[in-house]
Amino acid sequence: MAHQPGLSFRFTHAITRTPANSVANGLRAVDAGDPSGEKFREEHGHYVKALQEAGLVVDVLPALETYPDSCFVEDPAFCLPEGAIQLRPGTKSRLGEGREIRPALEARFGKVTELPGTGHVDGGDVLMLDDIILIGLSARTDREGAESFKKLLGDWGYTAAVCETPTGVLHFKTACSTLGDGVILATGIMAESGFFGDRKIVTVPKGEEYAANVIRVNDVVLVPEGYPGTLAAIEAAGFKSVVLPTHEARKVDGGLSCLSLRFSLGGSPA
Ligand code: CIR
């Protein structure tokens with residue numbers, strides 16, 4: 001795959017979904033109390049506004065009460081400039097979310113296809129860089145799903161590599177993000193993984209691991225509120241940041257990347 005500067009962070013559009021009240025029943029590894037649908041919607045409003053201010057046209061889909069985790073739209077799909085892929089999330093309560101997001105993908109893309117086979121991939125395990133797409137194996141993304149996704153991406157002209165997400169990390173991108181321009185933000189364990197070759201890595205300070213999940217959107221990096229060490233490290237690396245509250249999302253293991261599908265339509269991402 002040719003290096004496409006900006007592929008991983010130059011976007012024109014995003015798809016999001018309003019958090020439902022049922023998010024109180026969302027999946028979580030450790031119970032820190034139920035998120036409130038109302039408070040979550042308020043935080044989500046700030047998120048949508050930040051994406052718009054970063055220059056994106058944002059589709060906000062209606063809340064889906066039948067799927068408590070459905071505001072985390074990153075997991076059931078993956079978008080590239082030339083088309084979208086409906087994924088198969090790897091946990092039972094979220095399996096149907098791929099079918100639910102498909103009409104929104106079809107409204108934006110001429111080409112929408114479903115992950116072939118019977119394996120599972122959560123979009124949270126897929127890190128798009130400008131020259132490679134990394135797919136993390138996890139409790140949600142299995143070998144069969146990762147390999148068929150890699151093959152499909154290859155058919156579309158993209159190079160992908162399958163990596164082992166460290167144990168205890170929900171999704172590959174729970175512990176790392178691209179800041180763009182060849183720079184990675186990662187937790188200590190991910191920074192030492194070797195997945196990122198000789199790219200520059202900004203390491204999240206100990207105790208701030210949650211803040212490894214940020215998103216670069218055009219000229220800014222969206223960073224969760226309450227992680228001063230990470231914020232300072234991102235700014236010291238030369239990036240402009242926008243801080244957003246993610247307190248409700250965090251109660252159900254969600255972060256900034258999970259809340260949107262971001263993509264570029266109408267030509268080169270750069
Ligand atoms: C889940 O466990 O599936 C949701 N409660 C959180 C999903 C977060 N998504 C992501 O990291 N891409």
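Predicted model: local features only at pLDDT ≥ 70, side-chain atom pairs only at ≥ 80, totals over all residues.

**Strand β7 and its partners**

I began with β7 and strand β8 (residues 160-164): the two run parallel and are joined by five bridges. Two strands pair if DSSP finds at least two bridges between them.

Residues are numbered from 1 along each chain as its sequence is written, and side-chain values use heavy atoms, with hydrogens and water left out.

Next I traced the link between the two strands. β7, helix α3 (residues 143-155) and β8 make a right-handed β-α-β unit. Right-handed means that, with the strands pointing away from the viewer, the path from the first strand over the helix to the second runs clockwise.

On the β6 side, the pairing with β7 is antiparallel, over three bridges. The two form a hairpin with four residues between them. Met128 has Ile133 in β7 as its bridge partner.

Is β7 (residues 133-137) mostly covered or mostly open? It is mostly covered, with five of its five residues buried; buried means under 20% relative accessible area, exposed over 50%, partly exposed in between, using a 1.4 Å probe and protein chains only. In a regular strand, side chains alternate between the two faces of the sheet. In β7, Ile133, Ile135 and Leu137 point one way and Leu134 and Gly136 the other way, all of them buried.

I then looked up an open sheet of three strands, in the order β3-β4-β5 with mixed pairing. Its edge strands are β3 and β5 (112-114), each pairing on one side only. The twist averages 20 degrees from one strand to the next; axes are lines fitted to C-alpha atoms, for helices over the stretch in contact, and angles run from 0 to 180 degrees between N-to-C directions. Strand β4 (residues 83-86) runs parallel to β5, with three bridges joining them. One of those contacts I checked by residue: Gln86 has Glu114 in β5 as its bridge partner.

Another open sheet has three strands in the order β2-β1-β15, again with mixed pairing. β2 (57-61) and β15 are the edge strands, pairing on one side only. Ignoring direction, neighbouring strands of this sheet are turned by 15 degrees against each other on average. Strand β1 (residues 13-17) pairs with β2 in the parallel sense over five bridges, and Ala14 stands opposite Val58 in β2.

**Cavities**

How many cavities of 30 Å³ or more does a search of the whole structure find? I got four. On a 1 Å grid over the protein atoms alone, a cavity is a set of points where a 1.4 Å probe fits but cannot get out, and a pocket is an open set with protein on both sides within 12 Å along at least five of seven lines; lining residues have an atom within 4 Å of a point. Grid points are joined across faces, edges and corners, and a volume is the space filled by probe spheres set on the points.

The largest cavity comes to about 300 Å³. Its lining has 22 residues, with Phe11, Glu74, Met128, Lys173 and Arg262 nearest the centre. Strands that each supply at least two lining residues include β6 (126-128) and β15 (261-263). By type, the lining splits into 11 nonpolar, seven polar and four charged. Ala, Val, Leu, Ile, Met, Phe, Trp, Tyr, Cys and Pro count as nonpolar, Asp, Glu, Lys and Arg as charged, and the others, Gly among them, as polar.

The largest pocket holds about 560 Å³ of space. Of its 24 lining residues, Leu170, Thr174, Tyr210, Arg250 and Asp253 are the closest to the centre. I noted nine nonpolar, nine polar and six charged residues in that lining.

The second largest pocket has a volume of about 150 Å³. It is lined by 14 residues, with Leu27, Arg140, Leu170, Val252 and Asp253 nearest its centre.
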